[in-house]
Amino acid sequence: MQNIWLAAVNEGLGCGFVGTDLLDDLRTLLGIRAEFTPIGVMPVGRPLADVRSPSLKRGWVPFDEFARWEGWA
């Protein structure tokens with residue numbers, strides 16, 4: 001899995017790993033025969049372009065404007 005992940009990233013692809021405890025459900029969903037035990041799913045694809053968060057337009061917010069100490073006043 002690690003080698004696939006590294007090769008995908010090396011080729012400029014996006015990659016991730018999703019595991020589950022519901023192995024029978026995963027086998028059914030993917031049509032995997034009972035003698036094989038899947039360890040998870042590794043989606044691989046072209047990543048979306050990075051988009052700047054709209055919250056960056058508001059600029060730096062001082063800590064005291066969003067942090068609260070012992071109350072909400």
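Is Phe63 buried, partly exposed or exposed? With a relative accessibility of 45%, Phe63 counts as partly exposed; the cut-offs are under 20% relative accessible area for buried and over 50% for exposed, with partly exposed in between (1.4 Å probe, protein chains only). Here are my notes on the rest.

1. Before you start: this is a predicted model, where local features need pLDDT of at least 70, side-chain atom pairs count only at pLDDT 80 or more, and totals for chains, interfaces and linings use all residues. Residues are numbered from 1 along each chain as its sequence is written, and side-chain values use heavy atoms, with hydrogens and water left out.

2. On confidence: pLDDT is the predictor's confidence in each residue, from 0 to 100. The protein averages 88, and 99% of the residues score at least 70. Among the elements, strand S2 (residues 44-45) has the highest mean pLDDT, 94, while H3 has the lowest, 82. Helices (H or I, at least four residues) and strands (E, at least two) are DSSP runs, numbered from the N terminus.

3. Rings of Phe, Tyr and Trp (its six-membered ring) pair if their centres lie within 6.5 Å; planes under 30 degrees apart are stacked, over 60 edge-to-face, and the rest tilted. That rule gives 1 aromatic pair. The ring centres of Phe63 and Phe66 are 5.3 Å apart and the planes sit at 80 degrees, so this pair is edge-to-face. Phe66, at 53% relative accessibility, counts as exposed.

4. Now look at Phe17, in the loop between strand S1 (14-15) and helix H2 (23-30). Phe17 is partly exposed because its relative accessibility is 38%. Leaving out residues up to four places away in sequence, Phe17 touches Met1, Trp5, Ile39, Gly40 and Val41; contact means heavy atoms within 4.5 Å. Phe17 and Val41 are 24 residues apart in sequence, yet their C-alpha atoms are 5.9 Å apart in space.

5. What about Val9? This residue is in helix H1 (residues 2-10), and it is partly exposed because its relative accessibility is 46%.

6. Last, check out Glu11, in the loop between H1 and S1. Its relative accessibility is 60%, so Glu11 counts as exposed. Glu11 and Arg46 are 35 residues apart in sequence and 9.7 Å apart in space, C-alpha to C-alpha.
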